[in-house]
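Have the viewer open and follow along.

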Amino acid sequence: MKAYGSLVLFLGFLVLVKVQAGVLDNRIDQFELDESAGEESCNLPDDLRQEIKGYQSIVNKIIGRIVDGEFAGQTWNSLAELVDTFGARLSGSEQLEKAIDYVVDQMQHDQLENVHTENATVPHWVRGYESAQLVAPFKKNLALLGLGTSVGTPRGGIIADVIAVESFKEFEALTVEQVKGKIVVFVPQWESYGKTVVYRSKGASVASKKGAVATLIRSVTPFSIGSPHTGGQDYDEGVKKIPSACITVEDAEMILRKYRRGDRLTIHLEMEDRNLEPFVSRNTIGELVGTTYTNSSVVVVSGHLDSWDVGVGAMDDGGGALISWKALTFLKAMGLRAKRTIRAILWTGEEEGLWGGRAYKEEHKENEKKEFNFFFESDIGTFEPRGLDFTGNKDAECIFREIVKLMSPINATDFETPSDGGPDISHWTTRGFPGASLMNKNEKYFWFHHSAGDSMAVEDPKTLDKCAALWAAAAYVVADLSISMPKDVVD
Ligand SMILES: [Zn+2]
């Protein structure tokens, strides 16, 4: 996940325009709404509640077949085959495009319907040779990873003295004279990804404004065994573009300690990273066409196929992409076809700024209220599933609360709200479309995130089965209900 700040807050400012698209039952209007309260404020019509409860046996069947039946282990095996065949899948890379072709073939092999790709223009940044060495007061190689969109250094690199600070606030107190010509090392303490990532995304711009020649940033992770973590960054408009990379927690903290003791530190930094022309990549799509609605009221299940170029992106977001694809494969093999179409979308270009989702939104904008019913996204790990994180209006929330209760066979009945849905589906959920993100026991997610440690070793076959089962069952119920999910969409 790229995870921007709290898109959720945006919802609070929306002037809501009610558009209940599709076949919406009048029963919904009977709800007593209390936006501040939780489940106790739900007053679902009894027949709707009973209808949802009626899906328990089919949910049990889906879970049984995927977790303990003939589909057990298939999701992990397919993910392993994907990442072992193509490796990392950076935007603009041949590896990503080959992986897309492969998934198209495999979706067809799985007999998904309307399998195709849709173009999306993505940034094309490439990592070159990278090296950083502390040259004084003693020599030490510093493991580093340049950040997406970072420029490189001049040939031969930069040798400069260091300024180390813990926060932007501390940096503010420094003058241009103090910063000019220096390499600024930001060493923020980990608070949460959402809070701490701003140093990675904005550190270079902040430092450049005072004349810094490069920035090195403490990797955005709560835990480290000496590995740097990459990720995206942006240059502010008009700012001089300076090289920016993440270094390990251990090195960053050592540099800060020494700097604070008054040591003069000098670093030799060399990076050949560069930005090429934008590249036309593709979102990958397969469907299980609905019995009643074919191209309206679609239920989307999604994850992103692209990854960073270190590790193999098994966790971020191979797992999310695979459960989205395999949920349809398993439903199809079971002969289960819902009233509405379930559409798996494997986004491209997520890591460098949600480009796949953005292109898809633009391309499908005209009839979007009619076309889309609900959006699922898994991009925060596929560890042991806990439940679903919901965003949408109160009517949809009350329905969704009942659906999540059906997931008791895998103990995945937690329900939280609101979330921003997920990075790519935020293109819709922040505007009032209902959506959900896979909640899982992902306490260790950021240990591996965007690092060489993002590999198959992080993914567990049984856990992936449970995630796929949850995905398939929840998507099926939403897609098969007698009513569409209510939504309040802002134009
Ligand atoms: Zn991701």
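The C-alpha centres of domain 1 and domain 2 lie 36 Å apart. This is a predicted model, in which local features need pLDDT of at least 70, side-chain atom pairs count only at pLDDT 80 or more, and totals for chains, interfaces and linings use all residues. Residues are numbered from 1 along each chain as its sequence is written.

Domain 1 covers 8-123 + 278-480 and domain 2 covers 128-272, with bounds that come from an automatic or database domain assignment. Where the two meet, 13 residues of domain 1 are in contact with 13 residues of domain 2; contact here asks for C-beta atoms, placed from the backbone, within 7 Å. The domain 1 side of that meeting has 6 nonpolar, 5 polar and 2 charged residues. In this count, Ala, Val, Leu, Ile, Met, Phe, Trp, Tyr, Cys and Pro are nonpolar, Asp, Glu, Lys and Arg are charged, and the others, Gly among them, are polar.

Now for the inside. A nonpolar core is a set of buried Ala, Val, Leu, Ile, Met, Phe, Trp, Tyr and Cys residues joined through C-beta atoms within 7 Å. Buried means 20 or more other C-beta atoms within 10 Å of a residue's own, exposed means 12 or fewer, and partly exposed is in between, with C-beta atoms placed from the backbone. The largest core has 96 residues, and A327, W471, A472, A473 and A475 touch the most other members. Helix α16 (residues 461-480) gives the largest share, 14 residues; helices (H or I, at least four residues) and strands (E, at least two) are DSSP runs, numbered from the N terminus. Beyond its neighbours within four places in sequence, A475 is in contact with V299, V301, A327, I342 and F376. Another core lies apart from the largest one and holds 35 residues, including L144, V179, I183 and L265.

Helix α16 also meets α4 (residues 74-86): T75, W76 and L79 in α4 touch P461, L464, D465 and A468 in α16.

A few backbone details deserve a look. The peptide bond from A136 to P137 is cis, with omega near 10°, and P137 sits in the loop between β2 (130-136) and β3 (140-142). Another cis bond runs from D316 to D317, with omega near 5°, and D317 belongs to helix α10 (residues 314-333). L354, although not a glycine, has a positive phi of about 60°; L354 is buried, with 23 other C-beta atoms within 10 Å.
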